[in-house]
Structures are given as C-alpha cells and as structure tokens.
2 protein chains.
Amino acid sequence: MRYELYYWASIQGRGEFVRLALEEAAAAYVDVARTKGGEECMQALLANEGLACPPFAPPFLKAGNRLIGQTANILFFLGERHDLAPKRDAGRLWTHQLQLTLADFIDEVHDTHHPIASSLYYEDQRREAKRRAADFVASRVPKFFGYFERVLASNPSGPAHLVGARVTYADLSLFQVVAGMQYAFPNAMARIARQTPKVSALHARVAARPRIAAYLASTRRLPFNQQDLFRHYAELDR
Amino acid sequence: MRYELYYWASIQGRGEFVRLALEEAAAAYVDVARTKGGEECMQALLANEGLACPPFAPPFLKAGNRLIGQTANILFFLGERHDLAPKRDAGRLWTHQLQLTLADFIDEVHDTHHPIASSLYYEDQRREAKRRAADFVASRVPKFFGYFERVLASNPSGPAHLVGARVTYADLSLFQVVAGMQYAFPNAMARIARQTPKVSALHARVAARPRIAAYLASTRRLPFNQQDLFRHYAELDR
C-alpha cells in the first residue's frame, strides 16, 4: 500500500512533520498536491460531501480506505505502524503528549506573523505582529525550549532522544521546530541554542540520520519560504 | 484507583473537558487544586525536576503511577478506559481527530481576548482583541461550526453523535464549546445556532444526560467567569 499525503504544494508547514516521519520510515508515499493531482485534487477531496470522516484542513493522509487528519493524529497512526513510537501504551501516549506540546508551540510561531487573522496579509497586521513576536521571543521560546531541554535531561534512557533509547516522531518534530526557528528567528535562536545544548544536539543528530539527511538534500524537501509557517521578518527578531 | 486531576481551581478552562469525561464515566477522581492540595500542590508537581514525564502545563491527570498531560491526550486515555470512544482503531483515531480540531478552535477562542500575550491583561491588548474577534466571529466561528454540523450530518449512524451511535468524549467537548460560546459570544451564537441545528441539538442532548445534568447542577461545575478561557466582552460580540 502506498500512502497519499495531502498538503499544500509550496510550503513545509504542518505537512512537513508528516513528511519527516514518512521519510524516516522509508514508507512509500505520494505527495499528492506536488505530483499527480495538484492542489485542486486536495481541495476537491476536502469539499467532498460524501466523506464519513471529513478532515477539517490539510494535512491529511490516505491510508488504504482510511482518511486521517490532524498532524499529531497522523503521527500517532504512523508511529504505531512504522516503529516511530514505543509499543507500550504509556510510552505511546508520552510521545503523543510531546507532539501535542510541539503543536501548541507551532501555533504560537504562526501567530507571531499572523496575530489578527490568517486571512489577512502580514503587512496588514505588522504592528500587532511586532508586539506578539516580542513576547514570543522573550517569554514563550525560552519556556518551550527550556521544557524540551528538561525532557531530554530527564529521559531515563539518556538525552539522545526525547522518549526511550530510540528515535520517535517526536524527535523528528523537535528537529523540524529547531530548523524552522533557525530560519525564522536566527538571533533569538543563537541565544537560546547556548542555553539548550541538548535540544541543539538532538537537532544535529536527527539531521545526520541517513534517511533524513538524504531527504533534506533532495528536491522533496521544500526550502523554507515567506509563505510558510516559519517566516523570517528581521523586524520580529531583533 | 482514584484519579487525581490537576488544574486551576477557579476556572473551567481546558480542564473542563477532562472533568466532563470523568463525570460522564462516573470515575472516582479528586480535583486536587480545588480540594486537598490547592494550586500550590499542582505548581510543586509541575516544578518537580525528578519527573521522567513532566507535563508542560495543566491540565494533567495522575492515574496510578502515570502522569498524563495535554487535554486531548488525557481524553484519549480516558476514552479507552471508560468506553467514551470506539474500541476499534479507526474510530478511536477519528474521535481523537475531532477532539484535536476542537482544541484548535479553543486556542482561537482564547486568542480573541489575548491576541498579543497571555501574560498581559486584556485591557493592554484591547485594540488588537477587537480586530481579532471581528475576524473570529465573521470567518472562524462559521467555519468550525459548519464543519461540526457537517460531521454530524455525515455520521453513518445518524446525527445524534459525532462518532458512531454512542456518546464519546468528542460529544462532551463539543457540548462544552457550545456552552462556552453561548457565554462568551451570545450574539454571534444566536446567529450561528440557527445555521447549525444539529450542533445545537447535540448540545441540548449532552446537557440532558443524567450524569452531566447532575454535574452541571452541582458545585463541582464552576461558573463561567472573566478569568476563564471563554470570556464575555460585549465589545467583541457586536
């Protein structure tokens, strides 16, 4: 069976967390909007009134006759199938808990450049973005990164992974968050990286995993860009 | 075993989604910050550096020797244990997917009154709140409520529940979202209720469930208030 991933064709966005898991798992998948079907195909599926389990928004994953939405939920599903999460219930839920905390952080990242409305241009909410980003950099980034540093330090199996002694989708997601923050907030990240060395080391370790390294070097990895979740505006990163 | 729920003592907030599930399940639980321990007890646990699986923020649930954080994750756990979610994997993930979509909506509700920073007073971000709430009411509320109306209409088992033919924690959570919105945005909700009759009917049906009705009439149910997630500011609900 080949998975079908449905996500916007020109951004990493939330779909990237799913792409990283599929790549690390060496799973067969089609990135539908970027290949055969285009975004129209994704929009048509979203609008299909005949679905018993309609997704609210991309990303969503077609797995056989199942259609699964919500990034963290897709990862829960893939983690179980592709050994990217512990087998035991407690470890599975702990991995998922970390993913949900990363999802909260990602929402906050998005709202630094869109604090008023996703439907408005950045330029139309620039003043508010400056205020929101200032608090984000001063308070929220240290809180979240400090938390993940603490989780790594508290892992009974050692600080090489967030959960247990093997890679999970939560590690891949934390890698992506660090990579995105380095692009969007290079100044803030230079400071925070010194305070959270275990998080930085995890980022480097994931980037060096053979399948992830091959993916990052391929054309399948879209470059960060200014229409994406992580955006670099120098005025938000003093 | 008696569960221990850790959440702020004076608000419904995100903890309320867990309270509703525990109440519907008739599970034995202590609402720690409201009873024996106070919020200090919760803060102490949050700050405990010895935890292998530290939660990021309340709510979190102690179940035997497990400590489980993130609202949707706690509900996933309780749903399985207390028959508040389907037994089969596909139904369990679909219920969770709906919960995660409700969680996204709740984040947006919060940000209508705190678009800049949680750490600032409403009064210090009132101008931005007006802009954000206007978009929320005009675009986001219809989109989310329209989605849940569609999910109810698409349920092969009928529109009485979001998933299958029995109550799940997603139904309880949608009830809470409607209740909160009726408090916070009564004008917007009067309009939207007419357009989403199945959602309104679900809200009424959940409120009438014997255990939920008993809970809502008890002192265990905190009243909505202006420090909570759902807040009523007339200027945001024209």
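Which side chain does A:Arg14 meet in a salt bridge? To find out in this predicted model, select A:Arg14 together with A:Asp107, whose side chains meet in a salt bridge with an N to O distance of 2.7 Å. The pair links distant parts of the chain, since A:Arg14 lies in the loop between strand S1 (3-6) and helix H1 (15-24) of chain A, whereas A:Asp107 belongs to helix H4 (residues 89-113), 93 residues apart. Over all chains, the count of salt bridges comes to 34.

Next, stay with helix H4 but move to chain B, and select B:Phe105 and B:Phe144. The ring centres lie 4.9 Å apart and the planes stand at 55°, so the pair is tilted. Here too distant parts of the chain are linked, with B:Phe105 in helix H4 of chain B and B:Phe144 in helix H5 of chain B, 39 residues apart.

Now display both chains and colour the residues in contact, of which chain B contributes 51 and chain A contributes 51. Between them the two chains bury about 4400 Å², 50% of it on carbon and sulfur atoms. On the side of chain B, select B:Phe56, B:Arg131 and B:Arg150, which lose the most area to chain A and together make up 17% of what that side buries.

Across the same interface, 27 residue pairs are in polar contact, both residues being at pLDDT 80 or more. In chain B, helix H2 (38-47), strand S4 (66-69), helix H3 (71-81), helix H4 (89-113) and helix H5 (126-154) each supply at least two residues of the side that touches chain A. Coloured by class, that side of chain B shows 25 nonpolar, 11 polar and 15 charged residues.

Finally, superpose the copies: a rotation of 180° with 0.0 Å of shift along its axis brings chain B onto chain A, with an RMSD of 0.0 Å. That is the relation of a two-fold axis. To locate this axis in the viewer, select B:Pro115, which of the residues of chain B comes closest to the rotation axis, its C-alpha being at 3.0 Å. The same surface serves both copies, as 100% of the contact residues of chain B recur in chain A.

How values were computed: Residues are numbered from 1 along each chain as its sequence is written. Chains are lettered from A and ligands numbered from 1 in the order in which they are written. This is a predicted model: local features need pLDDT of at least 70, side-chain atom pairs count only at pLDDT 80 or more; totals for chains, interfaces and linings use all residues. Side-chain values use heavy atoms; hydrogens and water are left out. Contact means heavy atoms within 4.5 Å. Buried area is the accessible area (1.4 Å probe) that two parts lose on being put together, summed over both. A polar contact is a pair of N or O atoms within 3.5 Å; within protein, one must be able to donate a hydrogen and the other to accept it, and residues adjacent in sequence count only if both atoms are side-chain atoms. Helices (H or I, at least four residues) and strands (E, at least two) are DSSP runs, numbered from the N terminus. Ala, Val, Leu, Ile, Met, Phe, Trp, Tyr, Cys and Pro count as nonpolar, Asp, Glu, Lys and Arg as charged, and the others, Gly among them, as polar. Copies are superposed by least squares on the C-alpha atoms of residues with pLDDT of at least 70 in both. Rings of Phe, Tyr and Trp (its six-membered ring) pair if their centres lie within 6.5 Å; planes under 30 degrees apart count as stacked, over 60 as edge-to-face and the rest as tilted. A salt bridge is a side-chain nitrogen of Lys or Arg within 4 Å of a carboxyl oxygen of Asp or Glu.
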